[in-house]
Amino acid sequence: MAHPIFFLVLSLLLIPAITHLQSNEEGYISVLLSDKGIDFTKDVLINKAVSSMIPLQLPDIEKHVKIPLLGKVLVVLSNITIYDVNFASSSVETGDTGIILVASGGTADLTMNWMYSYKNWIVVISDSGDASVQVKGMEVGVTVALKEQGGALKLSLLDCGCHVKDIDIKLEGGASWLYQVVVDAFAGPIGSAVENAISKKIKEGILKLDSRLQSLPKQVSVDHVSVMNVTFVDDPVLSNSTIELDINGLFMAMDNVLIPSHYYKGIHDSDSSNCQTKMIEISLHENVFNTAAVVYFNAGYMHWTVDRFPNQSLLNTATWRFIYPQLYKKYPNDDMSLNISLTSPPVIIILKNDIDAAIYLDVTVNVLDGGQVIPVACVSLVIRASCSPKILRNKIAGILKLKNFNVSYKWSSIGDLHMRLIRSIAFAVLKTVFIPYVNLRLMKGLPLPLHGFMLQNAEVHCATSKMMICSNLALT
(Lines give C-alpha, C1' and ligand atoms only; values in the text may rest on other atoms or scores of the structure.)
Protein backbone atom coordinates (compact mmCIF):
# COMPACT_ATOMS: atom_id res chain seq x y z
CA MET A 1 0.00 0.00 0.00
CA ALA A 2 2.98 2.33 0.47
CA HIS A 3 3.73 2.66 -3.22
CA PRO A 4 0.35 3.92 -4.45
CA ILE A 5 -0.07 6.48 -1.66
CA PHE A 6 3.51 7.61 -2.25
CA PHE A 7 2.60 7.98 -5.92
CA LEU A 8 -0.36 10.17 -5.01
CA VAL A 9 1.52 12.44 -2.64
CA LEU A 10 4.35 12.97 -5.11
CA SER A 11 1.81 13.78 -7.79
CA LEU A 12 0.25 16.33 -5.48
CA LEU A 13 3.55 17.86 -4.45
CA LEU A 14 5.40 17.37 -7.74
CA ILE A 15 8.73 17.86 -6.13
CA PRO A 16 10.41 16.48 -3.00
CA ALA A 17 11.49 18.30 0.12
CA ILE A 18 14.78 19.92 1.12
CA THR A 19 16.25 21.03 4.39
CA HIS A 20 18.52 24.03 5.14
CA LEU A 21 15.73 26.47 5.91
CA GLN A 22 16.47 30.16 5.76
CA SER A 23 14.99 32.52 8.28
CA ASN A 24 11.83 34.29 7.08
CA GLU A 25 11.82 31.98 4.10
CA GLU A 26 9.15 32.54 1.50
CA GLY A 27 7.64 30.23 -1.08
CA TYR A 28 8.40 31.19 -4.67
CA ILE A 29 6.71 28.20 -6.27
CA SER A 30 3.18 27.14 -5.42
CA VAL A 31 1.25 24.08 -6.58
CA LEU A 32 -2.53 24.29 -6.54
CA LEU A 33 -4.58 21.18 -7.19
CA SER A 34 -8.18 22.00 -8.15
CA ASP A 35 -11.21 19.83 -7.37
CA LYS A 36 -10.85 18.36 -10.86
CA GLY A 37 -7.21 17.54 -10.15
CA ILE A 38 -8.04 16.13 -6.73
CA ASP A 39 -10.62 13.82 -8.31
CA PHE A 40 -8.09 12.70 -10.89
CA THR A 41 -5.42 11.88 -8.32
CA LYS A 42 -8.04 10.24 -6.12
CA ASP A 43 -8.93 7.86 -8.94
CA VAL A 44 -5.25 7.19 -9.58
CA LEU A 45 -4.72 6.45 -5.88
CA ILE A 46 -7.58 3.97 -5.68
CA ASN A 47 -6.53 2.13 -8.84
CA LYS A 48 -2.89 1.95 -7.75
CA ALA A 49 -3.81 0.94 -4.21
CA VAL A 50 -6.03 -1.89 -5.41
CA SER A 51 -3.47 -3.18 -7.92
CA SER A 52 -0.71 -3.20 -5.31
CA MET A 53 -2.89 -4.81 -2.63
CA ILE A 54 -4.07 -7.89 -4.52
CA PRO A 55 -3.61 -10.76 -4.21
CA LEU A 56 -4.10 -10.33 -0.48
CA GLN A 57 -3.80 -13.40 1.76
CA LEU A 58 -6.08 -13.62 4.80
CA PRO A 59 -5.48 -15.74 7.93
CA ASP A 60 -7.02 -19.20 8.11
CA ILE A 61 -10.33 -19.46 9.98
CA GLU A 62 -11.42 -22.51 11.90
CA LYS A 63 -14.44 -23.12 14.07
CA HIS A 64 -16.28 -25.96 15.81
CA VAL A 65 -19.87 -25.94 14.61
CA LYS A 66 -22.69 -27.87 16.30
CA ILE A 67 -24.60 -30.00 13.77
CA PRO A 68 -27.90 -31.73 14.65
CA LEU A 69 -27.55 -35.51 15.00
CA LEU A 70 -23.73 -35.28 14.64
CA GLY A 71 -22.60 -32.92 17.34
CA LYS A 72 -19.54 -30.67 17.00
CA VAL A 73 -17.86 -30.59 13.56
CA LEU A 74 -14.53 -28.87 12.94
CA VAL A 75 -14.70 -26.62 9.85
CA VAL A 76 -11.50 -25.00 8.55
CA LEU A 77 -11.24 -22.30 5.85
CA SER A 78 -7.72 -21.95 4.45
CA ASN A 79 -5.85 -20.22 1.58
CA ILE A 80 -8.33 -17.34 1.75
CA THR A 81 -7.19 -14.94 -0.95
CA ILE A 82 -8.65 -11.66 -2.24
CA TYR A 83 -7.90 -11.60 -5.97
CA ASP A 84 -10.08 -8.73 -7.21
CA VAL A 85 -11.45 -5.49 -5.74
CA ASN A 86 -13.68 -2.88 -7.39
CA PHE A 87 -15.43 0.25 -6.16
CA ALA A 88 -18.54 1.76 -7.71
CA SER A 89 -17.89 5.30 -6.44
CA SER A 90 -15.44 7.36 -4.44
CA SER A 91 -15.13 10.83 -2.99
CA VAL A 92 -12.49 13.04 -1.42
CA GLU A 93 -12.90 15.96 0.96
CA THR A 94 -10.26 18.46 2.02
CA GLY A 95 -10.40 20.89 4.89
CA ASP A 96 -8.90 21.90 8.19
CA THR A 97 -9.19 18.36 9.53
CA GLY A 98 -7.13 16.85 6.72
CA ILE A 99 -7.77 14.84 3.57
CA ILE A 100 -10.64 12.36 3.72
CA LEU A 101 -10.85 9.67 1.04
CA VAL A 102 -13.88 7.37 0.90
CA ALA A 103 -14.43 4.51 -1.57
CA SER A 104 -17.95 3.07 -1.57
CA GLY A 105 -20.01 0.33 -3.20
CA GLY A 106 -17.03 -1.97 -3.26
CA THR A 107 -16.91 -5.65 -4.10
CA ALA A 108 -14.09 -8.07 -3.30
CA ASP A 109 -13.78 -11.51 -4.88
CA LEU A 110 -12.10 -14.25 -2.85
CA THR A 111 -11.14 -17.87 -3.26
CA MET A 112 -10.55 -20.34 -0.44
CA ASN A 113 -10.33 -23.99 0.49
CA TRP A 114 -12.71 -25.59 2.98
CA MET A 115 -12.44 -28.75 5.02
CA TYR A 116 -14.55 -30.32 7.74
CA SER A 117 -14.00 -33.36 9.94
CA TYR A 118 -16.09 -35.24 12.47
CA LYS A 119 -15.09 -38.22 14.48
CA ASN A 120 -16.29 -40.21 17.41
CA TRP A 121 -15.46 -43.60 18.79
CA ILE A 122 -17.40 -45.28 15.97
CA VAL A 123 -16.94 -43.27 12.78
CA VAL A 124 -14.72 -40.62 11.13
CA ILE A 125 -16.29 -38.29 8.55
CA SER A 126 -14.34 -35.67 6.56
CA ASP A 127 -14.56 -33.80 3.27
CA SER A 128 -12.88 -30.86 1.51
CA GLY A 129 -13.25 -28.64 -1.51
CA ASP A 130 -13.06 -25.12 -2.90
CA ALA A 131 -15.25 -22.08 -2.46
CA SER A 132 -15.69 -18.63 -3.96
CA VAL A 133 -16.76 -15.63 -1.94
CA GLN A 134 -17.92 -12.18 -3.00
CA VAL A 135 -17.90 -9.38 -0.47
CA LYS A 136 -20.52 -6.73 -1.29
CA GLY A 137 -21.25 -3.21 -0.12
CA MET A 138 -17.67 -2.62 1.03
CA GLU A 139 -16.70 0.90 2.11
CA VAL A 140 -13.16 2.08 2.87
CA GLY A 141 -12.35 5.42 4.51
CA VAL A 142 -8.98 7.06 5.21
CA THR A 143 -8.25 10.41 6.85
CA VAL A 144 -4.70 11.79 6.79
CA ALA A 145 -3.07 15.05 7.85
CA LEU A 146 -0.24 16.77 5.99
CA LYS A 147 1.91 19.19 7.97
CA GLU A 148 5.19 20.95 7.30
CA GLN A 149 7.90 19.78 9.68
CA GLY A 150 11.46 21.02 9.35
CA GLY A 151 11.08 21.79 5.66
CA ALA A 152 9.55 18.41 4.81
CA LEU A 153 6.03 17.01 4.97
CA LYS A 154 4.80 14.96 7.89
CA LEU A 155 2.05 12.50 7.00
CA SER A 156 -0.15 11.33 9.88
CA LEU A 157 -2.98 8.82 9.82
CA LEU A 158 -5.96 10.25 11.69
CA ASP A 159 -8.53 7.58 10.95
CA CYS A 160 -8.86 4.43 8.88
CA GLY A 161 -11.59 1.86 8.49
CA CYS A 162 -13.16 -0.76 6.25
CA HIS A 163 -16.76 -1.95 6.52
CA VAL A 164 -18.34 -4.95 4.77
CA LYS A 165 -22.12 -5.03 4.33
CA ASP A 166 -22.87 -8.43 2.75
CA ILE A 167 -21.15 -11.70 1.76
CA ASP A 168 -22.09 -14.28 -0.88
CA ILE A 169 -20.48 -17.74 -0.52
CA LYS A 170 -20.50 -20.51 -3.15
CA LEU A 171 -19.18 -23.95 -2.22
CA GLU A 172 -17.76 -26.42 -4.72
CA GLY A 173 -18.67 -29.94 -3.59
CA GLY A 174 -19.65 -31.04 -0.10
CA ALA A 175 -22.90 -32.15 1.47
CA SER A 176 -25.96 -29.94 1.14
CA TRP A 177 -26.13 -29.30 4.86
CA LEU A 178 -22.60 -27.89 4.81
CA TYR A 179 -23.52 -24.80 2.76
CA GLN A 180 -25.84 -23.36 5.37
CA VAL A 181 -23.35 -24.21 8.11
CA VAL A 182 -20.59 -22.25 6.41
CA VAL A 183 -22.87 -19.31 5.62
CA ASP A 184 -24.24 -19.09 9.14
CA ALA A 185 -20.97 -19.68 10.95
CA PHE A 186 -18.39 -18.01 8.73
CA ALA A 187 -19.97 -15.00 6.98
CA GLY A 188 -19.14 -12.78 9.94
CA PRO A 189 -15.57 -14.00 10.44
CA ILE A 190 -14.80 -13.73 6.70
CA GLY A 191 -16.16 -10.16 6.63
CA SER A 192 -14.12 -9.24 9.71
CA ALA A 193 -11.00 -10.80 8.19
CA VAL A 194 -11.43 -8.72 5.04
CA GLU A 195 -12.00 -5.53 7.05
CA ASN A 196 -8.98 -6.13 9.28
CA ALA A 197 -6.65 -7.12 6.44
CA ILE A 198 -7.44 -4.05 4.32
CA SER A 199 -7.26 -1.68 7.31
CA LYS A 200 -3.91 -3.18 8.32
CA LYS A 201 -2.52 -2.73 4.81
CA ILE A 202 -3.55 0.92 4.78
CA LYS A 203 -1.98 1.62 8.18
CA GLU A 204 1.26 -0.08 7.16
CA GLY A 205 1.28 1.93 3.95
CA ILE A 206 0.85 5.25 5.74
CA LEU A 207 3.75 4.48 8.11
CA LYS A 208 6.01 3.46 5.24
CA LEU A 209 5.04 6.54 3.25
CA ASP A 210 5.78 8.86 6.15
CA SER A 211 9.21 7.27 6.46
CA ARG A 212 9.78 7.70 2.73
CA LEU A 213 8.79 11.37 2.87
CA GLN A 214 11.34 11.98 5.63
CA SER A 215 14.12 10.29 3.64
CA LEU A 216 13.52 11.99 0.30
CA PRO A 217 16.55 13.64 -1.39
CA LYS A 218 17.25 17.01 0.13
CA GLN A 219 17.49 18.88 -3.16
CA VAL A 220 16.53 18.59 -6.81
CA SER A 221 19.48 18.60 -9.19
CA VAL A 222 18.76 20.55 -12.38
CA ASP A 223 22.10 19.83 -14.05
CA HIS A 224 25.79 19.75 -13.14
CA VAL A 225 25.69 23.47 -12.30
CA SER A 226 22.56 24.13 -10.26
CA VAL A 227 20.09 22.66 -7.80
CA MET A 228 16.70 23.90 -6.73
CA ASN A 229 15.80 24.56 -3.11
CA VAL A 230 12.38 22.97 -2.79
CA THR A 231 11.85 23.28 0.94
CA PHE A 232 8.24 23.36 2.04
CA VAL A 233 7.80 26.69 3.77
CA ASP A 234 4.40 26.22 5.40
CA ASP A 235 1.64 23.71 6.03
CA PRO A 236 -0.41 22.74 2.97
CA VAL A 237 -3.53 24.85 2.62
CA LEU A 238 -6.58 22.59 2.41
CA SER A 239 -9.84 24.18 1.36
CA ASN A 240 -13.10 22.46 0.47
CA SER A 241 -12.06 22.21 -3.19
CA THR A 242 -8.28 22.71 -3.45
CA ILE A 243 -4.92 21.69 -2.04
CA GLU A 244 -2.11 24.27 -2.17
CA LEU A 245 1.55 23.82 -1.29
CA ASP A 246 4.27 26.47 -1.19
CA ILE A 247 7.96 25.72 -1.56
CA ASN A 248 11.05 27.89 -1.62
CA GLY A 249 11.84 27.16 -5.28
CA LEU A 250 15.00 29.27 -5.62
CA PHE A 251 18.08 28.07 -7.49
CA MET A 252 21.41 27.43 -5.79
CA ALA A 253 24.84 26.46 -7.03
CA MET A 254 25.72 22.78 -6.87
CA ASP A 255 27.91 23.48 -3.82
CA ASN A 256 24.80 24.81 -1.98
CA VAL A 257 26.01 28.42 -2.03
CA LEU A 258 22.91 30.54 -1.45
CA ILE A 259 22.10 33.53 -3.65
CA PRO A 260 22.39 36.88 -1.79
CA SER A 261 18.95 38.27 -1.07
CA HIS A 262 19.56 41.52 -2.98
CA TYR A 263 19.28 39.54 -6.22
CA TYR A 264 15.60 38.87 -5.61
CA LYS A 265 12.70 40.71 -4.06
CA GLY A 266 9.89 39.82 -1.73
CA ILE A 267 6.60 38.36 -2.85
CA HIS A 268 3.63 40.60 -3.46
CA ASP A 269 0.09 39.58 -4.21
CA SER A 270 -0.71 39.52 -7.90
CA ASP A 271 -3.64 38.79 -10.13
CA SER A 272 -4.64 35.15 -10.40
CA SER A 273 -5.23 33.39 -13.69
CA ASN A 274 -8.35 31.44 -14.50
CA CYS A 275 -7.37 27.82 -13.99
CA GLN A 276 -10.67 26.51 -12.67
CA THR A 277 -11.20 24.31 -15.71
CA LYS A 278 -7.78 22.65 -15.34
CA MET A 279 -6.53 20.08 -12.86
CA ILE A 280 -3.39 21.82 -11.66
CA GLU A 281 -1.86 25.29 -11.45
CA ILE A 282 1.89 25.70 -10.96
CA SER A 283 2.90 29.28 -10.13
CA LEU A 284 6.54 30.34 -10.49
CA HIS A 285 7.62 33.71 -9.13
CA GLU A 286 10.10 35.71 -11.21
CA ASN A 287 12.65 35.24 -8.42
CA VAL A 288 12.94 31.58 -9.46
CA PHE A 289 14.26 32.65 -12.87
CA ASN A 290 16.38 35.47 -11.48
CA THR A 291 18.22 33.19 -9.06
CA ALA A 292 18.78 30.71 -11.91
CA ALA A 293 20.35 33.55 -13.91
CA VAL A 294 22.65 34.42 -11.00
CA VAL A 295 23.80 30.81 -10.58
CA TYR A 296 24.71 30.36 -14.24
CA PHE A 297 26.32 33.81 -14.40
CA ASN A 298 28.51 33.06 -11.39
CA ALA A 299 29.43 29.68 -12.90
CA GLY A 300 30.80 31.41 -16.02
CA TYR A 301 28.15 30.21 -18.46
CA MET A 302 27.33 33.63 -19.88
CA HIS A 303 30.46 34.21 -21.93
CA TRP A 304 30.74 33.28 -25.62
CA THR A 305 33.29 33.58 -28.40
CA VAL A 306 31.98 34.21 -31.92
CA ASP A 307 34.32 33.23 -34.75
CA ARG A 308 31.65 32.27 -37.30
CA PHE A 309 29.22 34.70 -38.87
CA PRO A 310 26.64 34.52 -41.68
CA ASN A 311 28.74 37.09 -43.54
CA GLN A 312 32.14 35.67 -42.62
CA SER A 313 34.01 38.50 -44.34
CA LEU A 314 32.97 40.79 -41.49
CA LEU A 315 35.37 38.85 -39.29
CA ASN A 316 38.45 39.89 -41.28
CA THR A 317 40.33 43.15 -41.00
CA ALA A 318 40.34 43.57 -44.80
CA THR A 319 36.62 44.39 -44.74
CA TRP A 320 37.35 47.33 -42.39
CA ARG A 321 40.41 48.81 -44.10
CA PHE A 322 38.59 51.97 -45.27
CA ILE A 323 36.51 52.42 -42.10
CA TYR A 324 39.23 51.70 -39.53
CA PRO A 325 42.51 52.11 -41.41
CA GLN A 326 44.53 51.78 -38.20
CA LEU A 327 43.07 48.31 -37.69
CA TYR A 328 44.03 47.14 -41.18
CA LYS A 329 47.43 48.81 -41.03
CA LYS A 330 48.38 47.04 -37.79
CA TYR A 331 46.72 43.70 -38.63
CA PRO A 332 46.36 43.31 -42.41
CA ASN A 333 44.08 40.45 -43.55
CA ASP A 334 43.86 38.98 -40.07
CA ASP A 335 40.81 37.07 -38.92
CA MET A 336 38.76 38.43 -36.04
CA SER A 337 36.53 37.13 -33.28
CA LEU A 338 34.04 38.58 -30.83
CA ASN A 339 33.91 37.92 -27.09
CA ILE A 340 30.40 38.40 -25.78
CA SER A 341 30.26 38.57 -21.97
CA LEU A 342 27.40 39.49 -19.71
CA THR A 343 28.59 41.99 -17.12
CA SER A 344 25.87 41.08 -14.63
CA PRO A 345 23.09 38.50 -14.36
CA PRO A 346 20.07 39.16 -16.59
CA VAL A 347 17.09 40.67 -14.80
CA ILE A 348 13.73 39.00 -15.47
CA ILE A 349 10.52 40.89 -14.77
CA ILE A 350 7.18 39.15 -15.26
CA LEU A 351 4.36 41.49 -16.20
CA LYS A 352 0.74 40.91 -17.06
CA ASN A 353 0.76 38.96 -20.35
CA ASP A 354 4.50 39.48 -20.87
CA ILE A 355 7.98 38.62 -19.59
CA ASP A 356 10.68 41.29 -19.87
CA ALA A 357 14.40 40.66 -19.69
CA ALA A 358 17.18 43.23 -19.24
CA ILE A 359 20.58 41.98 -20.42
CA TYR A 360 23.84 43.86 -19.87
CA LEU A 361 26.84 42.73 -21.89
CA ASP A 362 30.19 43.77 -23.32
CA VAL A 363 31.30 42.89 -26.83
CA THR A 364 35.07 42.83 -27.27
CA VAL A 365 36.57 42.76 -30.78
CA ASN A 366 39.68 40.55 -31.04
CA VAL A 367 42.23 40.18 -33.81
CA LEU A 368 43.77 36.75 -34.35
CA ASP A 369 47.38 37.62 -35.21
CA GLY A 370 50.26 35.14 -35.24
CA GLY A 371 48.49 32.74 -32.90
CA GLN A 372 47.66 35.50 -30.46
CA VAL A 373 44.22 36.85 -29.52
CA ILE A 374 44.57 40.64 -29.31
CA PRO A 375 41.65 42.77 -28.00
CA VAL A 376 41.34 45.99 -30.03
CA ALA A 377 37.95 47.52 -29.07
CA CYS A 378 35.00 47.08 -26.73
CA VAL A 379 31.43 48.34 -26.62
CA SER A 380 28.69 47.86 -24.02
CA LEU A 381 25.13 46.89 -24.83
CA VAL A 382 21.94 47.16 -22.81
CA ILE A 383 19.35 44.83 -24.32
CA ARG A 384 15.63 44.85 -23.68
CA ALA A 385 13.93 41.65 -24.71
CA SER A 386 10.69 39.77 -24.18
CA CYS A 387 10.28 36.07 -23.64
CA SER A 388 7.38 33.90 -24.74
CA PRO A 389 7.10 30.82 -22.47
CA LYS A 390 6.38 27.44 -24.03
CA ILE A 391 5.43 24.04 -22.60
CA LEU A 392 7.24 21.18 -24.33
CA ARG A 393 5.84 17.96 -22.92
CA ASN A 394 6.98 18.18 -19.27
CA LYS A 395 9.42 21.04 -19.76
CA ILE A 396 9.04 24.79 -19.57
CA ALA A 397 10.93 26.50 -22.39
CA GLY A 398 10.91 29.93 -24.00
CA ILE A 399 11.63 32.06 -27.05
CA LEU A 400 13.52 35.34 -26.59
CA LYS A 401 12.65 38.28 -28.85
CA LEU A 402 14.64 41.50 -29.16
CA LYS A 403 12.68 44.65 -28.29
CA ASN A 404 15.40 47.31 -28.36
CA PHE A 405 18.98 47.93 -27.33
CA ASN A 406 21.52 50.69 -26.67
CA VAL A 407 25.20 50.67 -27.58
CA SER A 408 27.85 52.73 -25.81
CA TYR A 409 31.57 53.18 -26.37
CA LYS A 410 33.86 51.58 -23.78
CA TRP A 411 37.42 51.64 -25.17
CA SER A 412 39.38 51.30 -28.42
CA SER A 413 43.01 50.94 -29.54
CA ILE A 414 42.19 51.50 -33.23
CA GLY A 415 40.88 55.05 -33.11
CA ASP A 416 37.40 56.43 -32.66
CA LEU A 417 34.53 54.07 -33.30
CA HIS A 418 31.70 55.09 -35.62
CA MET A 419 28.81 54.36 -33.26
CA ARG A 420 26.09 54.50 -35.93
CA LEU A 421 27.94 51.83 -37.89
CA ILE A 422 28.70 49.90 -34.74
CA ARG A 423 24.98 49.92 -33.89
CA SER A 424 24.16 48.34 -37.26
CA ILE A 425 26.78 45.66 -36.74
CA ALA A 426 25.61 45.07 -33.16
CA PHE A 427 22.04 44.61 -34.42
CA ALA A 428 23.25 42.01 -36.94
CA VAL A 429 25.21 40.18 -34.23
CA LEU A 430 22.22 40.15 -31.89
CA LYS A 431 19.74 38.98 -34.53
CA THR A 432 21.90 36.35 -36.22
CA VAL A 433 24.15 35.11 -33.41
CA PHE A 434 23.24 36.10 -29.85
CA ILE A 435 19.43 35.71 -29.86
CA PRO A 436 19.46 32.39 -31.80
CA TYR A 437 22.12 31.00 -29.46
CA VAL A 438 20.13 31.98 -26.35
CA ASN A 439 16.94 30.51 -27.84
CA LEU A 440 18.74 27.28 -28.58
CA ARG A 441 19.51 27.04 -24.87
CA LEU A 442 16.07 28.16 -23.74
CA MET A 443 14.27 25.64 -25.94
CA LYS A 444 16.04 22.79 -24.17
CA GLY A 445 13.67 23.60 -21.35
CA LEU A 446 13.60 23.14 -17.61
CA PRO A 447 12.20 19.73 -16.62
CA LEU A 448 9.17 19.71 -14.35
CA PRO A 449 9.45 16.60 -12.12
CA LEU A 450 5.94 15.22 -12.42
CA HIS A 451 6.74 11.64 -11.35
CA GLY A 452 4.62 9.54 -13.67
CA PHE A 453 2.33 12.28 -14.98
CA MET A 454 2.31 14.24 -18.22
CA LEU A 455 1.03 17.77 -18.67
CA GLN A 456 -1.91 17.80 -21.07
CA ASN A 457 -3.45 20.81 -22.84
CA ALA A 458 -1.23 23.13 -20.80
CA GLU A 459 -1.62 26.90 -20.91
CA VAL A 460 0.80 29.55 -19.68
CA HIS A 461 -0.43 32.83 -18.20
CA CYS A 462 1.59 35.74 -16.90
CA ALA A 463 0.49 38.06 -14.13
CA THR A 464 2.42 40.63 -12.14
CA SER A 465 5.64 38.97 -10.90
CA LYS A 466 4.61 35.35 -11.60
CA MET A 467 4.06 32.81 -14.34
CA MET A 468 1.23 30.28 -14.04
CA ILE A 469 1.03 26.93 -15.79
CA CYS A 470 -2.56 25.68 -15.97
CA SER A 471 -2.84 22.10 -17.14
CA ASN A 472 -4.64 18.81 -17.05
CA LEU A 473 -2.73 15.66 -16.16
CA ALA A 474 -2.39 12.29 -17.84
CA LEU A 475 -0.64 9.14 -16.73
CA THR A 476 2.56 8.23 -18.58
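Predicted model: local features only at pLDDT ≥ 70, side-chain atom pairs only at ≥ 80, totals over all residues.
P375 is in contact with T364, V365, N366, W411 and S413, leaving aside its neighbours within four places in sequence. P375 itself is found in strand 19, which covers residues 372-392. Its relative accessibility is 42%, so P375 counts as partly exposed. The fold also brings P375 to 8.8 Å from S412, C-alpha to C-alpha, although 37 residues separate the two in sequence.

Now step back to the chain as a whole. The protein chain has six helices and 23 strands. It holds 476 residues, and buried residues make up 47% of them. Among contacts between residues at least 6 apart in sequence, 68% join residues at least 24 apart. The accessible surface of the chain comes to about 23300 Å², and carbon and sulfur atoms account for 54% of that area.

Helix 4 runs over residues 286-298, which makes 13 residues. From its first C-alpha to its last it reaches 19 Å, close to the 18 Å expected at 1.5 Å a residue. How many of the 13 residues in helix 4 are buried? Eleven of them are, and the helix is therefore mostly covered, given that buried means under 20% relative accessible area. The buried residues of helix 4 are E286, N287, V288, N290, T291, A292, A293, V294, V295, Y296 and F297. The cover over these buried residues includes strand 1 (29-33), strand 10 (226-228) and strand 13 (251-253). It also includes strand 14 (280-285), strand 16 and strand 17 (347-351). Just after helix 4 comes G300, with a positive phi of about 80 degrees.

N79 is found in strand 4, residues 71-95. Another is N333, which has a positive phi of about 55 degrees although it is not a glycine. Where does N333 sit? Its place is in the loop between helix 5 (325-330) and strand 16 (335-342).

A further backbone feature is found at P55. The peptide bond leading from I54 to P55 is cis, and its omega is near -5 degrees. P55 lies in the loop between helix 2 (35-53) and strand 2 (56-58).

The charged side chains come next. The count of salt bridges in the model comes to six. One of them joins D43 and K42, with the closest N and O atoms 3.1 Å apart. Are the two partners buried or exposed, or in between? D43 has a relative accessible area of 36%, so it is partly exposed. K42, at 9% relative accessibility, counts as buried.

In a second salt bridge K154 pairs with D210, and here the closest N and O atoms are 2.8 Å apart. This pair links distant parts of the chain: K154 is in strand 7 (residues 152-163) and D210 is in helix 3 (residues 176-214), 56 residues apart. K154 is partly exposed because its relative accessible area is 26%. D210 counts as buried, since its relative accessibility is 12%.

D362 forms a salt bridge with K410, and their closest N and O atoms are 2.4 Å apart. D362 has a relative accessible area of 12%, so it is buried. K410 has a relative accessibility of 43% and therefore counts as partly exposed. Elsewhere, salt bridges that share partners join D354, D356 and K403 into one network.

Technical notes:
Residues numbered from 1 in each chain as written. Heavy atoms only, no water. Helix = DSSP H or I, 4+ residues; strand = E, 2+ residues; numbered from the N terminus. Buried < 20%, exposed > 50% of the residue type's maximum accessible area, 1.4 Å probe, protein only. Contact = heavy atoms within 4.5 Å. Areas by Shrake-Rupley, 256 points an atom, 1.4 Å probe, with all protein chains shown as cover. Salt bridge = Lys/Arg side-chain N within 4 Å of Asp/Glu carboxyl O. Expected span 1.5 Å × (residues − 1).
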